[in-house]
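Here are a few exercises to work through with the model open in your viewer. Try each task before reading its solution.

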Amino acid sequence: MPDAPDIEETFVRLMVNHQAALHAFVLALLPGNPEADDVVQEVNTSLWKKRGEFAVGTNFKAWMFSVAKFKVMALWRDQKRRMVWAVPEETLNLLIDDAAEVCFEAEDPRQAALRQCIQELPPHDRGLILRRYFEGYSLDQVAREVGRKAENLKGSMHRIRLALRACVRRKTGFRRALS
């Protein structure tokens with residue numbers, strides 16, 4: 001009988017698989033806002049910190065959108081304090097519902113391929129990618145954690161990203177995948 005998949009591994013697969021939908025959802029709510037990428041990163045960090053609360057087999061995308069909704073609403077509240085005009089909260093809630101409906105079914109084949117490619121990485125490389133891009137560690141923080149110089153680690157991360165790009169291209173046929 002095959003081993004049951006590792007819960008963290010399953011969680012990472014779900015996060016990677018739904019990144020395109022998350023990004024689309026946040027961009028739909030924050031079009032042209034330079035803080036949109038920061039919100040996506042905050043959502044990923046929150047999801048990772050709360051991973052123990054997620055029950056495998058439930059709707060990950062709905063849970064992710066719920067976390068994203070609260071992060072976007074917090075940003076709107078902060079921006080509202082700095083602005084003279086404001087959008088009524090009812091309007092914002094309608095916007096969130098519409099964006100969620102549109103983005104909920106969004107699926108990018110490159111994301112599925114990337115998820116598979118990350119899982120195919122050697123464990124050490126996969127750990128570096130997860131720390132850097134999913135846990136939000138800086139390059140210096142990752143370097144300290146693994147006992148390497150940041151400059152050396154930068155070269156390794158570049159090599160891993162190139163391998164992931166090539167893997168995604170092989171799996172999807174996209175010439176400019178992850179560019």
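**Exercise 1.** Which residues in helix 8 meet which residues in helix 9?

*Solution.* Keep in mind that this is a predicted model. Start on the helix 8 side, where the contacting residues are Leu 139, Asp 140, Val 142 and Ala 143. Their partners in helix 9 are Ala 150, Leu 153, Lys 154 and Met 157. Next, sort the residues by class: the contact of helix 8 with helix 9 has 6 nonpolar and 2 charged residues, with no polar ones.

**Exercise 2.** Find how helix 8 and helix 9 are oriented relative to each other.

*Solution.* First take the geometry: the two helices pack at an angle of about 105 degrees, and their axes are 9 Å apart. Then compare that angle with the range of 65 to 115 degrees, which counts as roughly perpendicular. Helix 8 and helix 9 are therefore roughly perpendicular to each other.

**Exercise 3.** Locate any disulfide in the structure and work out what it ties together.

*Solution.* Searching the whole structure turns up 1 disulfide. Its partners are Cys 117 and Cys 167, with an S to S distance of 2.0 Å. The cut-off for such a pair is 2.5 Å. Now look along the S-S bond: the value there is -85 degrees, and the link is left-handed. Cys 117 belongs to helix 6 (residues 109–120) and Cys 167 to helix 9 (residues 150–172), so the pair ties together parts that are 50 residues apart in sequence.

Finally, are the two cysteines buried or exposed? Buried means under 20% relative accessible area. Cys 117 has 2% relative accessibility and so counts as buried; Cys 167, at 5%, also counts as buried.

**Exercise 4.** Is Gly 173 buried or exposed?

*Solution.* Gly 173 sits in the segment after helix 9. Exposed means over 50%; with 56% relative accessibility, Gly 173 counts as exposed.

Conventions:
Residues numbered from 1 in each chain as written. Predicted model: local features only at pLDDT ≥ 70, side-chain atom pairs only at ≥ 80, totals over all residues. Heavy atoms only, no water. Helix = DSSP H or I, 4+ residues; strand = E, 2+ residues; numbered from the N terminus. Buried < 20%, exposed > 50% of the residue type's maximum accessible area, 1.4 Å probe, protein only. Axes fitted to C-alpha atoms, helices over the stretch in contact; angles between N-to-C directions. Parallel < 35°, antiparallel > 145°, perpendicular 65-115°, else oblique. Contact = heavy atoms within 4.5 Å. Nonpolar A, V, L, I, M, F, W, Y, C, P; charged D, E, K, R; others polar.
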